[in-house]
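Here's a quick walk through one model, with a metal site and a helix residue to look at. Have the viewer open as you read.

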Amino acid sequence: MREKIIVWLNNNVSPKRIKHILGVEQMSIDLAKKHDCDVELAAKAGLMHDLAKFFPPKKLLKIAKENNLPLDDITEKHPHLIHAEISSIVAQQEFGISNHLILEAISNHTLGRPEMSKLSCILFIADKLEVSRGDTPELNDMRKVSEENLYKGLAMVCNYSLCYLLKSNQLIHPRTILTRNWALSSQN
Ligand SMILES: [Fe+2]
Ligand SMILES: [Fe+2]
């Protein structure tokens, strides 16, 4: 199964993105071990989270409509934001994935979702902190905290992503803020 997915990725995403995907797979495995989550599910979610990363906007919207995926003003104008949900659909259609935890984690990896599962939190964090994202003190600090306290790490990652979006003058989807507020309230 893993080999089949990697062959598919080689044909559909850039070599740089494959490096990121393998980094996410590994970090998801590591976090799953630390936080008592199913390692096999974490590995699969990591490997398949960005299947649709390079689909053009029209293709993303077409698949969304075919599958009755709800869109809003922001995602209609910026279809790249739904590459997560579309990756989950591709995982079902291309690789027969039916496990809801895997599919939800893939769907939630960009914007998150309040009350999302532990597996979703792990993938969300791994996507932002995997090794090829860099070696800055800030990233390393978030990696350390995420190993020790998943929800504290999640809140830090949400703040980090929001700061990046503000600094780079990018649109912020309301779900990003809802996820961040939920992460703050989930820390202990
Ligand atoms: Fe992604
Ligand atoms: Fe990613």
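## Ground rules

Contact here means heavy atoms within 4.5 Å. This is a predicted model, where local features need pLDDT of at least 70 and side-chain atom pairs count only at pLDDT 80 or more, while totals for chains, interfaces and linings use all residues. Residues are numbered from 1 along each chain as its sequence is written, chains are lettered from A and ligands numbered from 1 in the order in which they are written, and side-chain values use heavy atoms, with hydrogens and water left out.

## Around Leu 101

Leu 101 sits in helix H7, which covers residues 100–107; helices are DSSP runs of H or I with at least four residues, numbered from the N terminus. Setting aside neighbours within four places in sequence, Leu 101 touches Leu 41, Ser 117 and Leu 119.

How exposed is Leu 101? Its relative accessible area is 37%, so Leu 101 counts as partly exposed (buried is under 20%, exposed over 50%, partly exposed in between, using a 1.4 Å probe and protein chains only).

## The iron site

Which residues hold the iron ion (ligand 2)? His 20 (NE2), His 49 (NE2), Asp 50 (OD) and Asp 127 (OD) coordinate the iron ion (ligand 2) at 2.1 to 2.3 Å. Donors are N, O and S atoms within 2.8 Å of the metal (3.2 Å for Na, K and Ca), and since water is not among the atoms, sites may look incomplete. Along the chain, the donors of this ion are spaced H-x28-H-D-x76-D.

Asp 50 also bridges the iron ion (ligand 2) and the iron ion (ligand 1), which are 3.4 Å apart. Asp 50 is buried because its relative accessible area is 2%, and His 49 is buried too, at 0%.

Technical notes. Helices (H or I, at least four residues) and strands (E, at least two) are DSSP runs, numbered from the N terminus.
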